[in-house]
Amino acid sequence: MNAKNKAHGTPAAQRPRDDVAAPAMKIVMRNIEKRFPGVHALRGVQFDLRAGEVHALMGENGAGKSTLMKILTGVYQPDDGEILVDGKPVTIPGPKAAQDLGISIIHQELFLMSHLTAAQNIFIGREPRRGFGLFVDEATMNANAAALFKRMKININPREEVGHLTVARQQLVEIAKALSFNSRVLVMDEPTSALNETEVEHLFAIIKELKSQGVGIVYITHKMDEVKRIADRITVMRDGQYIDTLPAADTSMAKIISMMVGRELADASRAEGQGTDTEMLRVVGLNRGKAVRDINFTVRKGEILGFAGLMGAGRTEVARAIFGADPIDSGEIYVHGKRAAIKSPKDAVKLGLAYLSEDRKHFGLVTPMSVRDNVTMASWPRFTRGKVWMQDRVLRRTSKQFVDLLKVKTPSVDQETRLLSGGNQQKVVIAKWLLRDCDILFFDEPTRGIDVGAKAEIYKLLQGLAEQGKSIVVISSEMPEILRLSHRVIVMCEGRITGELDGKTATQESIMTLAAQGWGKAA
């Protein structure tokens, strides 16, 4: 960084900031450069944020959006360029320095400690004290967390361990944690990727209130409808470079997409066909506590079956129970017409089942390992000689084939997976299961955190798999995604199936009617 950028910002956050509204702040980033091994991630990027605005930062996965914001929040250091806060050059050597300046971030990948409670995660390092500062005041901390959740209009027990919460609820805890700093600048990286429509509305209400208080918000998302609703301005990045900044109200979605991907995308169309009459999977009377109640359904060969419902409906719990990740209380599972004893994911994989989890970081990848190893790990027995030696050249060639197929942005298959963007990590998980060549594939939020161009590629891929005779189960919180992909739609509410719809005639309204059926009334 240039010598003129060595001045540090005033550590305003060292004092509590919940007593008065924080003053407004303007951010300017100029000519930002960042390199990683084998990757020139940012090339002279420009960005600015005004007080009291929502500035959407858009681009395909790997465009550099998250990297730019990690520089603003002190996670990374720029190789060149400057950052100005209210016209004064500053350096931000770490996340604590960013918080002292009044800058907070909600990361796309969650940074929570699963063994701690929601309240402990929110206030870790800032716990209220009693007894001359010797003891943590748990009651006050829980009350403060409860007040934050009430402000956000969400129902989370502050005393609940985060590890027991769903990914969606964990993301809400992250949002509450960022809000607890009373920041002047708030970066939201895919904040609604695991939220249902009601929770999105609550978040937007919070954002509007923060705007009225002069808080500047950087909003990173791939959801076009959200940008048009919430953003004041839009900056587009592509391949680590700044493309343009435009007013949101006067910019069409087609224009945004064109700038992001540099090409036209085909119009969305619903899935054609309906699969065959051959039954691949049948679930009978599946139960697991209150999360999974008397679940019955079938999946046919060449079919895409969609699972819809509000957060907490039990869709993920059903998939995990079938895959052997969670023990069941009762029920029967039939694969290829034969009753299957699935006690673990290993049993499921042997039977030709695959499960792409909604939480790729914990259940889909070993991020310190290379892309090559992550793509091939579920199929390693196929690449051994005498079950001892790995065929390294074959591993490399095969993994590259799937990396190219899914257009994973990586300098090589030897790159550590942790250095990829979230969307490209998701593609690596998909590649792993495609290589395994399973017959029945569960995709839980398959496009979570994936940009509009990559989404179209994933949709085409799933439809192609169905045409090849694979059986696909798609669990998604995005109803347009369910409607586009599904031959049939199963809707759940509070652990039960409340209805089944034909994919050709289903609508968002018909899905929502079933998704809310019996909500809040289950025993």
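## Briefing on a predicted protein chain

The accessible surface of the protein chain comes to about 22900 Å², and carbon and sulfur atoms account for 51% of it, with accessible areas taken from the Shrake-Rupley method with a 1.4 Å probe, where for residues only the protein chains shown count as cover. This is a predicted model, in which local features need pLDDT of at least 70 and side-chain atom pairs count only at pLDDT 80 or more, while totals for chains, interfaces and linings use all residues. Residues are numbered from 1 along each chain as its sequence is written, and side-chain values use heavy atoms, with hydrogens and water left out.

**Overall composition**

- The protein chain has 17 helices and 24 strands, where helices (H or I, at least four residues) and strands (E, at least two) are DSSP runs numbered from the N terminus.
- Of the 523 residues in the protein chain, 55% are buried; buried means under 20% relative accessible area, exposed means over 50%, and partly exposed lies in between (1.4 Å probe, protein chains only).
- Among contacts (heavy atoms within 4.5 Å) between residues at least 6 apart in sequence, 68% join residues at least 24 apart.

- Four strands form an open sheet in the order 2-1-4-5 with antiparallel pairing, two strands being paired if DSSP finds at least two bridges between them.
- Strand 2 (39-49) and strand 5 (88-90) stand at the edges of this sheet, each with a single partner strand, so one side of each is left without a neighbour in the sheet.
- Neighbouring strands of this sheet are turned by 30 degrees against each other on average, direction ignored; axes are lines fitted to C-alpha atoms, for helices over the stretch in contact, and angles run from 0 to 180 degrees between N-to-C directions.
- Within the sheet, strand 1 (residues 27-36) runs antiparallel to strand 4 (residues 80-85) and is joined to it by five bridges, with I27 standing opposite V85 in strand 4.
- Helix 1 packs on the sheet, where it touches strand 1, strand 2 and strand 4, and its direction makes about 115 degrees with that of strand 1.
- Helix 1 (residues 65-72) is mostly covered, since six of its eight residues are buried, namely K65, T67, L68, M69, I71 and L72.
- Just after helix 1, G74 takes a positive phi of about 80 degrees.

**K65 in helix 1**

- K65, which has its place in helix 1, counts as buried because its relative accessibility is 6%.
- Leaving aside its neighbours within four places in sequence, K65 is in contact with L57, M58, G59, E60, I220, H222 and M237.
- The C-alpha atoms of K65 and Q241 are separated by 9.7 Å, although the two residues are 176 residues apart along the chain.

- Strand 3 (residues 54-58) pairs with strand 11 in the parallel sense over four bridges, and H55 stands opposite R233 in strand 11.
- Strand 3 also runs parallel to strand 10, to which four bridges join it, and here H55 stands opposite V218 in strand 10.
- Five of the five residues of strand 10 (residues 216-220) are buried, so strand 10 is largely enclosed by the rest of the structure.
- Both faces of strand 10 are covered, with G216, V218 and I220 buried on one side and I217 and Y219 buried on the other.
- Strand 9 (residues 185-189) and strand 10 pair in the parallel sense over five bridges, and D189 stands opposite I220 in strand 10.
- Five of the six residues of strand 11 (residues 233-238) are buried, so strand 11 is likewise largely enclosed by the rest of the structure.
- Strand 11 runs antiparallel to strand 12 (residues 241-247) with six bridges joining them, and I234 stands opposite L246 in strand 12.
- Strand 11 and strand 12 form a hairpin with two residues between them, and D239 in the turn has a positive phi of about 55 degrees.

- F132, L134 and F135 make a nonpolar surface patch of about 440 Å²; patches are made of residues with over 30% relative accessible area and no salt bridge, like charges being joined within 9 Å and nonpolar side chains (Val, Leu, Ile, Met, Phe, Trp, Tyr) within 5 Å, and a salt bridge is a side-chain nitrogen of Lys or Arg within 4 Å of a carboxyl oxygen of Asp or Glu.
- L134 is found in the loop between strand 7 (129-130) and strand 8 (135-136), and L134 counts as exposed because its relative accessibility is 61%.
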